[in-house]
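The following exercises concern one protein chain. Please work through each task before reading its solution.

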Amino acid sequence: MNLIVRYGAYPFVLASGIALHYLLLENHFGVQFRTYLPVIVGAVMVTGLEWKYPYRQQWWADKQEMVQDAMYMALIQGVLPKLLAVAATFTLSQALYAQHLIVEGWWPTHWPVPLQMLFMMVVADGLRYWLHRWAHEWDPLWRFHAVHHSPHKLYWLNVGRFHPIDKGLQVFLDTLPFLFLGVREEVLGLYVVCYAINGFFQHCNVDLRLGMLNYLISGPELHRWHHSMVKQESNHNYGNNLIIWDRIFRTCYLPTERAVQELGLVNRRYPSAFFEQMTAPFTPGADKQTA
Ligand SMILES: [Zn+2]
């Protein structure tokens, strides 16, 4: 893998996604299309990189894992956030409007869209940082979050492996408050493009480097440690898009002299199938059994 690809892949794919988003905007495509198409193109590019430049060949997914992850992607990432967003936008916000409870004048709607998006990302990441850290440190929440930590390998498609209760809490924090504050769809669309492409890279099996961007972005080099089987390693790097909150609260961890070893939960027999994982959090200690 040459240095240009190793260091350039992340900025290039992210910039391509943003450029495509704006190209579609200029050509008057709707917000859904101009958000989802760059995300799909980003996913295809990351798939190509994983195939050509894998970080570890043993992390290539087998057919069964891919089917399970595709199921998560369709049911948890696609349907549930949409349902929650619809509920938020149409039901709750209508109720709030009716009650004159909408929060107006707090969000800087006069700022340029990219600046609003960055502001949203910093605030949303701050909220998500504490949810994520809490999910690792408080057992009732950890049981649901453990589903996301169950795979023994990382590749982009398993970014979608979340229990719906865990995912629901995330959407509650990183989408709903901004809808109530009146953040416009142009900002949300750009945010989703960056959020999704970064998420693919964060979990990708590509031997790339982020260099100085590791001080700002929560990318794959940092996130692999977050999926370590060793708790002292995995209770770090909680950042969703950015690593700044981990830097502020001193939970950033990136050893340079060694690579991460085993990934996943200490219970190596934790169920991996979709429907079994839906009920596993209701069995106390399921993630901890080592026998
Ligand atoms: Zn986690």
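Helices (H or I, at least four residues) and strands (E, at least two) are DSSP runs, numbered from the N terminus. The model is a predicted one: local features need pLDDT of at least 70, side-chain atom pairs count only at pLDDT 80 or more, and totals for chains, interfaces and linings use all residues. Residues are numbered from 1 along each chain as its sequence is written, and side-chain values use heavy atoms, with hydrogens and water left out.

**Exercise 1.** Locate His-163, decide whether it is buried or exposed, and identify what its side chain reaches.

Solution. His-163 sits in the loop between helix 5 (139-145) and helix 6 (164-174). Its relative accessible area is 3%, so His-163 is buried. A polar contact is a pair of N or O atoms within 3.5 Å; within protein, one must be able to donate a hydrogen and the other to accept it, and residues adjacent in sequence count only if both atoms are side-chain atoms. The side chain of His-163 reaches the backbone oxygen of Met-278 at 2.8 Å. Beyond its neighbours within four places in sequence, His-163 is in contact with Phe-144, Val-147, Gln-277, Met-278, Pro-281 and Phe-282.

**Exercise 2.** Contrast the surroundings of Asp-287 with those of Gln-261.

Solution. Asp-287 belongs to the segment after helix 12 (274-279), and its relative accessible area of 6% makes it buried. Its side chain is joined to that of Trp-142 by a polar contact of 2.8 Å. Not counting residues up to four places away in sequence, Asp-287 touches Trp-142, Ala-146, Leu-265, Val-266, Asn-267 and Tyr-270.

Gln-261 lies in the loop between helix 11 (244-248) and helix 12. With a relative accessible area of 59%, Gln-261 is exposed. A polar atom of its side chain lies 3.1 Å from the backbone oxygen of Ala-259. Gln-261 is 36 residues from Trp-225 in sequence, with a C-alpha to C-alpha distance of 8.9 Å.

**Exercise 3.** Describe how helix 1 and helix 2 pack.

Solution. Two packed helices are described by the angle between their axes and the distance between the axes. Axes are lines fitted to C-alpha atoms, for helices over the stretch in contact, and angles run from 0 to 180 degrees between N-to-C directions. For helix 1 and helix 2, the angle is about 160 degrees and the axes are 8 Å apart. Helix 1 is therefore roughly antiparallel to helix 2 (angles under 35 degrees count as roughly parallel, over 145 as roughly antiparallel, 65 to 115 as roughly perpendicular and the rest as oblique).

Definitions and conventions. Buried < 20%, exposed > 50% of the residue type's maximum accessible area, 1.4 Å probe, protein only. Contact = heavy atoms within 4.5 Å.
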